[in-house]
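This briefing goes through a protein model by topic. Please have the sequence and the 3D view open while reading.

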Amino acid sequence: MLSPNATIGIVGGGQLGRMSAVAASRLGFQTHILSDIPNPPAGQVASHTIIGAYDDPKTLESFAKSVDVITFEFENISVKGIDLLSSIRPVHPSGHILRISQDRILEKTFLNGHDIPTTKWLKIEELNDGAKAGLELGYPFILKTTRLGYDGKGQAVIHNQEEFESAFETLKPHPLIAEKKVDFSCEVSVMVVRNIHGTVQTFDVAENQHKNGILDISLVPARINVDLRQKVQELAIHLANSLDLIGILGVELFIDQNDKILVNEIAPRPHNSGHWTMNACPIDQFEMHIRAVAGLPLPPAIRHSDAVMKNLIGPEDMALWPKIMATPGLIGHLYGKDIAKKGRKMGHVNILFPFNSLPGEFGIQAILQDL
Ligand code: ADP
Ligand code: MG
């Protein structure tokens, strides 16, 4: 168990690191951020920021030596880099989980190997594999890069062989992955956290709606039946134990037309679809993550309210900020980013409702339209 005043190192300077650093500081910890850009959102609220490349051994070494334990807020640091950090200080979650989550093929292989269902998929190595994918998955299927995808980038929907050939040329590097397109009734996610003593907690299941490939709103609890919600949580617990997780993990899932649960992807860090916990739970995803990383006890991940979280993306949503600040009941969060570029996540707003009284679709749309 980390003592108060110890220092937690966070690799990555984005909003997830920022909100993790605030949670750490509330518990009395110091935080050091490693970022490859100056003045990162996380650096603004941390005790100290080290600026350097994530693949520079000297930078990694001096960062590691300056902290007591290390975690990360984004997944694209190299496994070699994580191995170097791990040779100096404990890193949670560990490099093997990062390796799995960085590669869609390793990820799906791990999941299927632990009886966790995913959509049907194929590894795509050469042009000839396209016809096979069409035959086995049916059209349309989804072609994705195996690494570095986010917010729907690095993906194409394939309706025929011609589209496959052009996407095969554009999407790099190879191999790629082809996934059967899921006709889902709902997309959901769940945050699961586990500590070194094997205590596991899960937050409630969120229902996620995307716009232009980017998360737009999360609704909690997800509007699926209670049994299904519980099954999603049980699956997340099984996954956390199978991974030997220490820290928090976001699990993205599809619920298909027959109420079948399919895992889409996993992210071993706080997750955008868990931001609702900041205001609807006594202990949010960031504090849970820091507790796990610091070896502290994990209390049950209870929720006192229902919630709607809306992302504030780009200049259009930033224009709503004065109204959000002026409207009672809207809880705004900004990430300290200077320029509101198109598609950039600038902040989010949480709206709470009494426990088990989330308004229906119409009510939610009315509230959001009113912004
Ligand atoms: P990212 O890393 O960009 O989040 P995802 O694999 O989560 O990549 O894909 C982004 C979104 O695209 C998903 O949230 C979902 O809406 C849609 N999507 C991805 N894969 C599939 C699939 N196999 N079937 C149906 N929709 C999909
Ligand atoms: Mg995703």
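A residue is called buried if 20 or more other C-beta atoms lie within 10 Å of its own, exposed if 12 or fewer do, and partly exposed in between, with C-beta atoms placed from the backbone. Helices (H or I, at least four residues) and strands (E, at least two) are DSSP runs, numbered from the N terminus. By these terms, strand 1 is largely enclosed by the rest of the structure, because four of its five residues are buried.

The model is predicted: local features need pLDDT of at least 70, side-chain atom pairs count only at pLDDT 80 or more, and totals for chains, interfaces and linings use all residues. Residues are numbered from 1 along each chain as its sequence is written, while chains are lettered from A and ligands numbered from 1 in the order in which they are written.

**Domains**

- The protein is divided into domain 1 (7-91), domain 2 (120-180) and domain 3 (184-369); these bounds come from an automatic or database domain assignment.
- Between the C-alpha centres of domain 1 and domain 3 there are 23 Å.
- Domain 1 gives 18 residues to the contact and domain 3 gives 15 residues, where two residues are in contact if their C-beta atoms, placed from the backbone, lie within 7 Å.
- On the side of domain 1 that touches domain 3, helix 1 and strand 4 each supply at least two residues.
- Helix 1 provides the largest share of that side, with seven residues.

- Four strands form an open sheet in the order 3-2-1-4, with parallel pairing; two strands pair if DSSP finds at least two bridges between them.
- Strand 3 (48-51) and strand 4 (69-72) are at the edges and have a single partner strand each, so one side of each lacks a neighbour in the sheet.
- On average, neighbouring strands of this sheet are turned by 25° against each other, direction ignored; axes are lines fitted to C-alpha atoms, for helices over the stretch in contact, and angles run from 0 to 180 degrees between N-to-C directions.
- Strand 1 (residues 7-11) is paired with strand 4 in the parallel sense over four bridges, and Val11 has Phe72 as its bridge partner in strand 4.
- Helix 1 (residues 15-26) packs on the sheet and touches both strand 1 and strand 2 (30-35), its direction making about 165° with that of strand 2.
- Strand 1 and strand 2 run parallel and are joined by five bridges, with His32 in strand 2 as the bridge partner of Gly9.
- From strand 1 the chain passes through helix 1 to strand 2 in a right-handed β-α-β crossover; right-handed means that, with the strands pointing away from the viewer, the path from the first strand over the helix to the second runs clockwise.

**Helix 5**

- In helix 5 (residues 104-113), the buried residues are Arg104, Glu107, Lys108, Phe110 and Leu111.
- These residues are on the same side of helix 5 because they cover an arc of only 160° around the axis, the arc being that of the directions from the helix axis to the C-beta atoms.
- Their cover includes helix 4 (95-102), strand 5 (121-124), strand 6 (141-145), strand 8 (176-180) and strand 14 (261-267).

**Surroundings of Ala178**

- Ala178 is part of strand 8 and is buried, with 24 other C-beta atoms within 10 Å.
- Its contacts, leaving aside neighbours within four places in sequence, are Trp121, Leu122, Ile124, Ala133, Leu137, Phe141 and Leu143.
- Ala178 and Lys144 are 34 residues apart along the chain, and their C-alpha atoms are separated by 6.4 Å.

**Backbone features in loops**

- His92 and Pro93 are joined by a cis peptide bond with omega about -10°; Pro93 is in the loop between helix 3 (79-88) and helix 4.
- Another cis peptide bond, with omega about 0°, joins Val220 and Pro221, and Pro221 is in the loop between strand 12 (214-220) and helix 8 (226-243).
- Asn212, in the loop between strand 11 (206-211) and strand 12, is a residue other than glycine with a positive phi, near 50°.
- Asn212 counts as exposed, with 11 C-beta neighbours inside 10 Å.
- Asp244, in the loop between helix 8 and strand 13 (247-256), also has a positive phi, near 60°.
- With 13 other C-beta atoms within 10 Å, Asp244 is partly exposed.
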